[in-house]
Amino acid sequence: MSGPGVRVICNQLLVPGWTAPRKAVYGRIRDRSGEVIDEGLAVFMPGPASYTGEDTAELYLHGGAAVIEHALDAICSFEDTRLAEAGEFTRRAFENGKLDLVEAEGVADLIDAETRAQKHLALDQLDGRLSRQYEVWRSSLLNALALLEVSIDFPDEDDAPDETREPVARTLREMEASLEKALADDSVGERIRDGFHIAIVGPPNAGKSSLLNKLARREAAIVSDIPGTTRDVVEVRLKIGGQIAWVADTAGLREAADVIEAEGVRRAQQRAASADLRIQVRAADDRTDFSECGEDDLLVVNKIDLAGENAKWPDSAMVISAITGDGIRELERIIANIICAKAGSVGAPLITRRRHRLALESALFHVKQASDLITRGGGAELVAEDVRLASRQLSGLIGEIGVEEILGAVFSSFCIGK
């Protein structure tokens, strides 16, 4: 519970009442008529030193449906009391200055974290590591803006433009380099948060669907000897090497027999082009063509159990049988190593959301505009406007400027209450 009425509500519900704040109290929880709801613990935390910055209280009760329903009914029977909306506790913490917007998103990511990598990324964000970097950039732009305002406000001072132009130009050059480096991260932070994409590609009847089923440890895709069985992209979500991965089985790449298969081939090519890792699957026979395999692709030769005496393949290929399971464990280990190498390829702090990336791209655009203007001797007013727009993008990231649509989008992704 959070809000100004918490102390009154809990004094009426808890027997024997409150003792010192921030100490767990054991007792009976009753409704307003005196009926016992449960026996449990209660902790009262007066604001502003609480999660939301308001008076808050937590009840630790048994988890049965009847207990929960009775407790909620009893609490909501008080005037001006209602159930929290999705993300409302964290939104109040943000509005009361306990968290900035990036840290609040870290709370949501920590709740949703399924892997240690996701958890570490969320904790870094919640700890303010990402916010501090954004604030450093924002402060640099504000300092540059202050220097530009000097030359705008005191145009008659002969030394002012010369003394301010070079420091501003230097700041803009450094800012441009920093933003470009942050954005050249191959979206690793978003991949850790949302999952890496792996595409299984190759000609028909190479065993792509069988491999997907083996990796998924279930019958996720239909397996058949008929070429063109897989018409659309079949995708499963797996945990590989401590990372989330979306593994997609795609239509066999060949000259399509009909319009539907042609669309499947087009989608397969599209998915392969955007994947973080392509697994090229080929059958182990003497007619196999390996020419379409790229240098960065993981080549897998399947059906080794059916290989003839004349079957050949490159030395770099992983040899497996999706039917017998031979080589599957080693293949999983190699896939895990590749994904983990990608996840660790960029130093923290990492951009974790599309919202952050778009704001930084916009900030970089305006920084480049300002840098180009000042190099060409443009007026301080025009340079200052681009610097101001860049700093506004960074301010919006951490929530220094209130944009209701952004706040609504951020907190609507939370679970109810938190």
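**A guided tour of the predicted model**

Begin by selecting strands β8 (residues 277-283) and β9 (residues 298-302), which run parallel and are joined by 5 bridges. The model on display is a predicted one. Within this pair, select Ala283 and then Asn302 in β9, its bridge partner.

Now turn to helix α2, residues 65-76. This helix has 12 residues, and the distance from its first C-alpha to its last is 16 Å, close to the 16 Å expected at 1.5 Å a residue. Colour Val67, Ala71, Ala74 and Ile75, which are buried. Viewed down the axis of α2, the buried residues fall within an arc of 95°, so they line one face of the helix. What covers these residues? Show α1 (6-13), β3 (36-45) and β4 (56-60), which are included in that cover.

Finally, display the whole protein chain, which has 14 helices and 10 strands. Of its 418 residues, 44% count as buried. The chain exposes about 21800 Å², of which carbon and sulfur atoms supply 51%. Among contacts with a separation of 6 or more, 59% are between residues 24 or more positions apart.

Conventions:
Residues numbered from 1 in each chain as written. Predicted model: local features only at pLDDT ≥ 70, side-chain atom pairs only at ≥ 80, totals over all residues. Heavy atoms only, no water. Pairing = 2+ DSSP bridges. Helix = DSSP H or I, 4+ residues; strand = E, 2+ residues; numbered from the N terminus. Expected span 1.5 Å × (residues − 1). Buried < 20%, exposed > 50% of the residue type's maximum accessible area, 1.4 Å probe, protein only. Arc of directions from axis to C-beta. Contact = heavy atoms within 4.5 Å. Areas by Shrake-Rupley, 256 points an atom, 1.4 Å probe, with all protein chains shown as cover.
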